[in-house]
Structures are given as C-alpha cells and as structure tokens.
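Hello,

Here is the structure I promised to hand over. My notes follow below it.

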Amino acid sequence: MADKLDERGEPLSATHDAERTTFSARETRQAGMGMRVFLVLAASLALVLLAWGAVELTSRATGDQSSSEGSVTAAQPK
C-alpha cells in the first residue's frame, strides 16, 4: 500500500489513517494561499472595475436618466 500516493504525493498510510488525530496546517487548509490565488482575485477585480466603468460611460453618453425621480409623469385627465 506504500506504493499508492495521494494528491499531494504522500503515501496513503500517512494521510488516510482513521486513528490519526493531529494534522499539519497544510493538511487542514482547504486551498493553497499562493500567487495564483492572488492573481485570480486581482484579475477579477480589474475586470469588474473595467465593466463598471464601461457601463458608467455608456449610460452618461446616451443620457440614460431612468434612475432619476422626474421620469414618472402623471396622466392628464381629459
């Protein structure tokens, strides 16, 4: 059974023991906190800011005032 390795490359007996009660911080962490995670978060934030800026610019350029209070008019009686 020592020839089988888990996803981290460790022997199965070292990480899959039911009687084991102590675990390292790396084993209990759900995901790695590396540069890849930071890059994904930074890129997604940059894309959101670009999309928000594009929406702001297009709504100002077209004169879209749908969120203003004066756009609702009362019906005139005949």
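In which helix is L39 found? L39 sits in helix α3. Helices here are DSSP runs of H or I with at least four residues, strands are runs of E with at least two, and both are numbered from the N terminus.

Some ground rules. This is a predicted model, where local features need pLDDT of at least 70, side-chain atom pairs count only at pLDDT 80 or more, and totals for chains, interfaces and linings use all residues. Residues are numbered from 1 along each chain as its sequence is written, and side-chain values use heavy atoms, with hydrogens and water left out.

Confidence

pLDDT is the predictor's confidence in each residue, from 0 to 100. The protein chain has a mean pLDDT of 76, with 72% of its residues at 70 or more. Confidence is lowest in helix α1 (residues 12-15), at a mean of 62. It is highest in α3, at 93. Where pLDDT is low, the predicted coordinates should not be read in detail.

Overall layout

The protein chain has three helices and zero strands. The order from the N terminus is α-α-α. Of its 78 residues, 3% are buried (under 20% relative accessible area; exposed is over 50%, partly exposed in between; 1.4 Å probe, protein chains only). The accessible surface is about 7,400 Å², and 62% of that belongs to carbon and sulfur atoms. Areas come from the Shrake-Rupley method with a 1.4 Å probe; for residues, only the protein chains shown count as cover.

Helix α3

α3 covers residues 35-62, 28 residues in total. From first C-alpha to last it reaches 41 Å, close to the expected 40 Å (1.5 Å times one less than the number of residues). The count of buried residues in α3 is zero. Just after α3, G63 takes a positive phi of about 75°.

Salt bridge

The structure holds one salt bridge (a side-chain nitrogen of Lys or Arg within 4 Å of a carboxyl oxygen of Asp or Glu). R60 pairs with E56, the closest N and O atoms being 3.8 Å apart. The two are four residues apart in α3, so about one helical turn separates them. R60 is exposed, at 67% relative accessibility. E56 is partly exposed, at 33%.

Best regards
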